[in-house]
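Here are my notes on this one, as numbered points. Have the model open while you go through them.

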Amino acid sequence: MELRQFKYFVAIVDCGSLSRAAQQLFIAQSALSKQMTELEAELGAQLLLRSRTGVAMTEAGKVFYEYAQGITKQVSDAKAAVLVAADSVVGSVVAALPQSVSPMIALPLMRAAARRYPDVVLHLNEELTGNMADQLLRGRVDVAVFSPTMPADDIVFTPLVEEDFVFLESPQSPHALPPGDVSIAQATARPLVWPANAHGHCTRWLVDAVLEGAGHSAAQVAAEINSVYTLKAAVEAGLGPTIMPLGLAQREVQEGRLAAHRIDSPSMFRTLGLCVSVHLPTTNAKRAVCTLIGEVIRDLCESGQWEGARAVAPAQKARQAKGPRA
């Protein structure tokens, strides 16, 4: 396989057709088609389904696309690293944030990066957690903010923040609890609105682990919703309560649309931190962004803007991730 074939394949998928990709790449459509035919022959698998309206990926094509994006990104990063001075902070960095983290740090991070590192192009991806480990390991993402549940042999986890979970419900619900703390039993007495288990690494998995450690069975499920915003709306509409970090629902709680209860358990919190692949090189830009993420999180915690969160001491060392839950 040739590097240009990876680039061509990504362009075809992104453009949605051979003709548009050929125009973007400034090559003849017949030459582009020939390259894809040779690539499919070498792989022994069909990657694209061609039709009059454009192209679509096969299942094999979807897998190849993930790797092709990572490979082309790493090559671009390598070129940038060679061309700039050894101490320059220049290039692009892709950071992935779970939906349950992005509302708190995305905008402050973008502002800080633009101010501190104007020559770094920071790409922020708000992702479902089930997608993030593969993207990090395949090189599509440089760094992720996550819980310590990524593959332990491949990821280094540096803890940055601890965040309390709270029980959230609609104050208009006929089952609404009086103000004050609640026990674990009270918090799980009703079926909960949850993210799907496949995307619960930073919320549902961690709560379930606390329940298991306290001798409780997993909470019953009222609905599974893989959007933080829709999930909060469902709780507000009375579909069921949920358990999530307070920072995610600060506005709704302040406006009286949701009621938050502290859960009487010293273990009901999550730890979030930086996750980087041990297999990928560290550029100056990547190192700078990782440091900046830690600084932004500490500032948000110390200023009280991230309610219910406390920064982890920076002296605490990085460690291997715990790996997937059994």
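Is V89 buried, exposed or partly exposed? Point 2 has the answer; some ground rules come before that.

1. Ground rules. This is a predicted model, where local features need pLDDT of at least 70 and side-chain atom pairs count only at pLDDT 80 or more, while totals for chains, interfaces and linings use all residues. Numbering runs from 1 along each chain as its sequence is written, and side-chain values use heavy atoms, with hydrogens and water left out.

2. V89. With a relative accessible area of 27%, V89 is partly exposed (buried is under 20%, exposed over 50%, partly exposed in between, using a 1.4 Å probe and protein chains only). You'll find V89 in the loop between helix 4 (59-83) and strand 3 (91-98); helices (H or I, at least four residues) and strands (E, at least two) are DSSP runs, numbered from the N terminus. Beyond its neighbours within four places in sequence, V89 is in contact with Y117, D119, V120, N284, A285 and A288, contact being heavy atoms within 4.5 Å. A288 sits 199 residues away along the chain, yet the two C-alpha atoms are 7.4 Å apart.

3. S147. Have a look at the loop between strand 5 (143-146) and strand 6 (155-169), where S147 lies. S147 is buried, at 0% relative accessible area. Its side chain reaches the backbone oxygen of H201 at 3.0 Å. Leaving out neighbours within four places, the contacts of S147 include F157, H201, C202 and C275.

4. C275 and the cores. C275 touches S147 too, and among its other partners are L136, M150 and F157. In the largest nonpolar core, which has 57 residues, C275 is one of those touching the most other members, along with I105, V145, M150, I293, I297 and W306. Helix 11 (residues 284-303) gives this core its largest share, ten residues. A second, separate core has 21 residues, including F9, A11, A21 and L32. (A nonpolar core is a set of buried Ala, Val, Leu, Ile, Met, Phe, Trp, Tyr and Cys residues joined through side-chain atoms within 4.5 Å.)

5. Whole chain. There are eleven helices and 13 strands, and 48% of the 326 residues count as buried. Taken along the principal axes, the C-alpha atoms fill a box of roughly 70 × 50 × 35 Å. Of the contacts between residues at least 6 apart in sequence, 76% join residues at least 24 apart.

Definitions and conventions. Polar contact = N/O pair within 3.5 Å; in protein donor to acceptor, adjacent residues only side chain to side chain.
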